[in-house]
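Please open the structure in your viewer and keep the selection panel at hand. The tour below goes from one selection to the next and says what is there at each stop.

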Amino acid sequence: MLTSVFIAVVSLALFGMAAFTLWWQMHAWRTPEVLASTRFSSPDGGEQLSFSLLLPARHEQAVLDHTIQRLLESSHAAFEIIVIVGHDDPETTAVAEAAAARDPRVRVVVDTHEKKNKPKAMNTALPYCRGDVVGVFDAEDQVHPELLAHVEHAFRSTGADVVQGGVQLINFHSSWYSLRNCLEYFFWFRSRLHLHAQKGFIPLGGNTVFVRTDVLRAAGGWDPDCLAEDCDLGVRLSSAGKKVVVAYDSDMVTREETPGSLVSLLKQRTRWNQGFLQVYRKKDWKQLPTLRQRMLARYTLMTPFLQAFSGVVIPLNVAVAIFLDVPVGVAFITFLPAVTALVTFVFEVVGLHDFGKQYGLRVRLVHYLKLIAGGPFYQLLLAGAAIRAVWREQRGRSDWELTRHVGAHLDTADVRTREDVAA
Amino acid sequence: MTSTLEPVTAPRIPAQRRPAPPAATGRALPPRRLRSSRPDLLLCGVLLLAILVVQGWNISAYPAFSDDEGTYLAQAWAVQEGKGLAHYTYWYDHPPLGWIQLAVLTWIPAMLSPESMTVGTMRAVMLLISGISAVLVYVLGRRLALPRWAAGLGMALFGLSPLSVVLQREIFLDNLAVMWTLLAFTLAASPSRHLWHHFGAGMAAATAVLTKETMLLVLPALFVTAWRHSHRDTRKFALTGAVTACALIGFSYPLFALLKGELLPGAGHVSLWDGVKYQMTRPGSGFILDQGSGSWNVLQSWLYYDRILPLGGLAGALLLLATWRWSVTARALAGPALAVAVLAALALRPDGYLPAMYVIQALPFLALVLAGGAASVAHAVLRRGRSEREKRAAVYGRYALAGALALAACAYVGPRWYDGTRIAVTVDANAPYEAASRWMAEQVPDPARTRVLVDDAMWLDLVHAGYEPGLGVIWFYKADLDPAVTRTMPGGWRDIDYVVASPTVRRDAEDLPNVKAAIEHSRPVAVFGTGEDRIEIREVATAGGAR
């Protein structure tokens, strides 16, 4: 009896989690009207805002020049590119200086911090920004030339303080995990972020994010100690009541590649999870005015861990239902989370089809099979990253205390983690 | 425009909507909010009241109790009593969800007064089902772009046709399944084209199928409806969601069998496989158009109550399918018309099994397509080819013609429905049953130690009278077919004290040796009613000998 009740309670909790996640994941496709509202509307031509585009680059001499060239092809009239390089990185600096010499719109800022990371680099560049809006890109991004015009229109037509554009991993054919990784981005930027924008709590993405310069300065820039400074900025701005707009257009997204290996994906995910955990513990989200928003914040920031937990427990639960002698009614309840997971699976397959259509990519049968077969393994990877993040954060907490006194090796370790992933 | 985050000072943010790009279907949009449309509420409310009065008046006395009503209600009773899914071994004859719902519906009245758990009394809960279904027919009609009067006509046809009145009064699983099917169609035709409405449609459809498996037949029509009412940008998600929901819930039935270890046949237990095999290999009842075949008789029994709804509906479906290319109404009603077509085609199998309840699942669709056909005709008469500058006289002519057609229809339908309705609200067809059950309760000295064969309809009455459920008061055919019962009857007919020989028992006794022998070795001690429909209480000659 006690076992039955316990199993039923766990199952219902899992079911609730899975159902909510599914509900949010499918936000954009709820009605045709919602889907239509997730797109950029066409710019009307009048350009009044100017942009400062931050381009932090670290050991990225190979791709940097191409990225700068492409950004310079932007159709917008008023923008500057601020390339941020490290004082200990002469190769990248050389590429950036050469670009600056060719085109006056390119400027170079040198970050002289002893320990380097992305938020510090961007904070270094913030005082030099002359535009009305600060935009962030990564050194390997492929940015659409029309993007800035659309973003400007979004700013002006909605009175937004922040505009988040879409980011999409494209190389779904590279490996089984890149397939799932691409699809994760697809559901996140195509659908889920819009829900967050609507509900008033949003963890921003790492690039293709645009913030009004004065708002960003008033917020004190990025948190240099946070491993998910992008998420943190979003949480702080939305908690302070700033208006965030998300827009996604398949031909306007910033295209990226998945991490090159399973290990770097694991590391990237660990960093994000740890970052989410840090943001959770910073408690900025507690300023959100309504309980629902705070619940959403709590849940979203905990998601990596809940996901890891449910990924492990759901199969266990089904096994219990089949092999343990529980009443049929309880057995049915134990199947609820698995059924929800199955529905999620089916929607992922449909999502992959839609992804292929949106981007004109040919998705073959083998990709669908890989998507399905890879599901459980990807769950394992996520669970691993979540556990790793908790463990590191746990260890990191004590180290953090130490940093104040001795300056720590831990941060260097974190920087290394950042560098070996292309996030 | 984009989805936005307003400043936190305004915490409740309506999603900023912009119109979805127009879909290619070009259908006429129904009103977005029926709930706040006063004329709709008024019309629907008046019709609902009329339906409830006509169906509710005299509900327990007409029509005659059917064996199946007794079966399902008794199984609902077994569920309430915690005896599992049936008081005899559940053998996967039908998915159990139907009488589980009945158990829930009758729970409170049965708790307040256990004796009320009999067919006659509990027919009252079917009023609730009929009422919900009738309202859903109206809402669905409006969502399928029928004008208000036509949706009302559909609701009236569905709820007031004498055929509907008779069948919807009875405790049939089909009536519950129809309600769920209508809910599925209504959700599939949701004007907001919401992903989760379509998902819900799939869930409701699965519930319908698990209530009565024959609802599988209308799933294609449901799919067509969902397709037509989804937007091309979100269609693949909406429809996949609906199909997935339906399939996953549907699979819970085999899963249930699997968990009980009864999925596949094996020694010493029943199985889902055997149940399905039984249903699929039921002996055919002949071709429906062959005079004298079983199916022919079933058809005649429907037409006896009402010709307008079945034949008119069929004609309406044919009209809509034929005018598919020109008529907006025809395309809007594609789903119901297809449902009618599929059900009609299946009824026309050369040697299929056609149960009397078969028509129940067609009733709402027949009503909707007949109403749609009427709307089509009205549109053709009043609007087709009409220009702004048409002469007044011609316009009056159109209205005169429409009025004449309406009057003619009323003149044709009125007397027939009046007769049918009058019978339904006045005739007492169940007096012999009630009297026989009273006799068994009052005249038999020791009910608790008496064994009696009855049909399913009377079974619960005798349970309340103190007979032992299952082995004391016995569903008559279990005395031959259920090993758990025959085991307790080593002396065969000699172990039986009474047989309540209703028409059903006498008819089926031909194929049941124990029942037949018990009837042969018994003499009537009380007879209620006359002729074919009489009910005899027969006392077996060696009564009490073996016990």
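## Stop one: the two domains of chain B

Begin with chain B, whose domain assignment gives domain 1 (38-425) and domain 2 (431-540), such bounds coming from an automatic or database domain assignment. Before going further, note that this is a predicted model, in which local features need pLDDT of at least 70 and side-chain atom pairs count only at pLDDT 80 or more, while totals for chains, interfaces and linings use all residues. Residues are numbered from 1 along each chain as its sequence is written, and chains are lettered from A and ligands numbered from 1 in the order in which they are written.

Colour the two domains of chain B separately: their centres, taken over C-alpha atoms, are separated by 35 Å. Where they meet, 17 residues of domain 1 of chain B are in contact with 16 residues of domain 2 of chain B, contact meaning that the C-beta atoms of two residues, placed from the backbone, lie within 7 Å. Now select helix α2 (residues 67-80) of chain B, which provides seven residues, the largest share of the side of domain 1 that touches domain 2. Helices here are DSSP runs of H or I with at least four residues, strands are runs of E with at least two, and both are numbered from the N terminus. By class, that side of domain 1 of chain B has eight nonpolar, six polar and three charged residues, where Ala, Val, Leu, Ile, Met, Phe, Trp, Tyr, Cys and Pro count as nonpolar, Asp, Glu, Lys and Arg as charged, and the others, Gly among them, as polar.

## Stop two: backbone details in chain B

Most residues other than glycine have a negative phi, and most peptide bonds are trans.

Next, go to Ala145(B), in the loop between α5 (119-143) and α6 (148-160) of chain B, where phi is near 70°, a positive value in a residue other than glycine. Is Ala145(B) buried or exposed? Ala145(B) is buried, with 22 other C-beta atoms within 10 Å; a residue is called buried if 20 or more other C-beta atoms, placed from the backbone, lie within 10 Å of its own, exposed if 12 or fewer, and partly exposed in between.

Then select Arg193(B), which lies in the loop between α8 (173-188) and α9 (195-211) of chain B and has a positive phi of about 50° although it is not a glycine. Arg193(B) also counts as buried, with 23 C-beta neighbours inside 10 Å.

Move on to Gly403(B), placed in helix α19 (residues 392-426) of chain B, which is exposed, with 11 other C-beta atoms within 10 Å.

Finally in this chain, select residues 112-256 of chain B, where UniProt (unreviewed entry) places the feature "domain: ArnT-like N-terminal". The span is 77% helix and 0% strand, and its end C-alpha atoms lie 32 Å apart. UniProt positions are given in the numbering used here, feature names are shortened, and annotations may be inferred rather than shown by experiment.

## Stop four: chain A

Turn to chain A, which is divided into domain 1 (2-22 + 291-419) and domain 2 (32-261), and in which the secondary structure comes to 14 helices and nine strands. The centres of its two domains, over C-alpha atoms, are 27 Å apart, and 22 residues of domain 1 of chain A are in contact with 22 residues of domain 2 of chain A. To see the side of domain 1 of chain A that touches domain 2, select α11 (291-323), α12 (328-358), α13 (365-406) and α14 (409-419), each of which supplies at least two of its residues.
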